Amino acid sequence: MTRGFRFIHAADLHLDSPFRGLSGLPDGLRERVKASTFTALERLVDLAVREQADFVVVSGDIYDAKDRSLRAQLRFQQALETLAGHGVPAFVVHGNHDPLHDGYSAKLRLPETVKVFGSDAVESVIVRAQDGEPVARVSGISFGRSAVTDNLTPGFVRHNDGLYHIGILHTNVDGDAGHDNYAPCSLRDLTGGQVDYWALGHIHSRRVLHERPWVVYPGNLQGRHVRETGPRGCYVVDVAEGGASQLRFQPLDDVRWEVRELSIAGLETEQQLKDALEEELEAACAAAEGRAVLARLLLIGRGPLHTALRRSGWLTGLASALRESVASGAEAVWIESIEDRTGAAVSREDLAAKPGFLGDLLRLASEAGESPERLSAFAEEALVPLMGQLQLAALLSEWGPEEWAAWLQEAEELAIDLLADGSGAETGWSE
């Protein structure tokens, strides 16, 4: 019978991530952002000690690049030594960002309590409590090279020892489109009974794909850009006698990315807009519970302020004023950008229902946006003339349905601004 125990599942630490594209940050906040991956690592260690975890598993991408910085390697070594000093073993695999046999890796001595799984085949070890009694079995395999395209799940097998079995794997389950398709596998591959808890890495959003057996992505420890919003951290997993498991998410991030939407509907003056945006920032800071906040503010909806927002330099001036306003407060907060996705104070549905060029265009846009697949196909066809420029083609290849939808909405609103008057009637064309 399985003996009760507790372990921590973390992944995608990306230590010493460069955090590009954050020019303009105040010096103090910039240094906090640059140190945030290390701060999250320290909090992971503190959590393991405080929770008296029996062991910690790390499911790949400890480092941000295959030529990992010496600073990052020394900090990870220090973290492992601290865990070892408190009797907490660690089980580690490497992923596509930090493969075992690619790039620079310093020759550092790790504690005997650390097991780094190799890349040739799945390895399996028994975890023992301090009294010597076995509590679990942990199996894992690292990436040897950056681009592993083989399904690695067949190497994980059930051992007839009655122990709770944890499989550590850096993988893309069912081809998540937002991540490179490395070590691809299907959910069916993971639910065949060979493992009780799949400790996965690679996908940076927190997901529980299946229960009993558990198939879990904890997400990364620290968000690194505006597409990685909200709390970031790890799972504390309690396994009872008999194998029943309970998961508890624990945030560890020190800098939190937020995207906040604010509708201009009902707002009539610039002062009302400024006050509403400041309230959004205050709410974001309160939710972050002492963490630094990097916020993108999205203005949506229809209203009279749309005309002001479209004035050249207006949004830039508003962002600068808000940054100066919040900089004097006690909270560490920075406005990454303010985006205008608003529309004129007209009815789009009424315009789309009318005959004429504008109505036809809006109906075509609605059809193109009916599904992500249809929108992507429409965007690819429309952008063919631009794909001959290599740098632009590389940038566009990273975009997906979310970006195409934003572009489509922008095109619709531009057409409405140009072709409809304030009453919603279509303007005429002059020869």
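This is a predicted model: local features need pLDDT of at least 70, side-chain atom pairs count only at pLDDT 80 or more; totals for chains, interfaces and linings use all residues.
Me: Which element gives the most to the lining of the largest cavity?

Reply: Helix H2 (36-50), strand E2 (55-59) and helix H3 (70-85) each supply at least two residues of that lining. Among the lining residues are Phe76, Ala79, Leu80 and Leu83, and the element that gives the most, with four residues, is H3.

Me: What is the volume of the largest cavity?

Reply: A search of the whole structure, with a cut-off of 30 Å³ or more, finds one cavity. The volume of the largest cavity is about 70 Å³.

Me: Now for the second largest pocket: which element provides the largest share of its lining?

Reply: The second largest pocket has a volume of about 290 Å³. It is lined by 13 residues, and the closest to its centre are Phe378, Ala382, Trp407, Leu408 and Ala411. Helix H9 (357-368), helix H10 (372-382) and helix H12 (401-419) are the elements that give two or more residues to this lining. The largest share, five residues, comes from H12.

Me: How many charged residues are there in the lining of the second largest pocket?

Reply: The residues closest to the centre of this pocket are Phe378, Ala382, Trp407, Leu408 and Ala411, and Phe, Ala, Trp and Leu count as nonpolar. By class, the whole lining has twelve nonpolar and no polar residues, and the number of charged residues is one.

Me: Let's turn to the open sheet of six strands: which are its edge strands?

Reply: The strand order is E5-E6-E7-E8-E10-E9, with mixed pairing. From one strand to the next, the twist averages 20°. An edge strand here pairs on one side only, and the two that do so are strand E5 (123-128) and strand E9 (207-210).

Me: Do strands E7 and E8 run parallel or antiparallel?

Reply: Strands of a sheet pair through backbone hydrogen bonds, and either direction can occur. Five bridges join strand E7 (residues 164-170) to strand E8 (residues 197-201), and the two run parallel.

Methods:
Residues are numbered from 1 along each chain as its sequence is written. Side-chain values use heavy atoms; hydrogens and water are left out. Two strands pair if DSSP finds at least two bridges between them. Axes are lines fitted to C-alpha atoms, for helices over the stretch in contact, and angles run from 0 to 180 degrees between N-to-C directions. On a 1 Å grid over the protein atoms alone, a cavity is a set of points where a 1.4 Å probe fits but cannot get out, and a pocket is an open set with protein on both sides within 12 Å along at least five of seven lines; lining residues have an atom within 4 Å of a point. Grid points are joined across faces, edges and corners, and a volume is the space filled by probe spheres set on the points.
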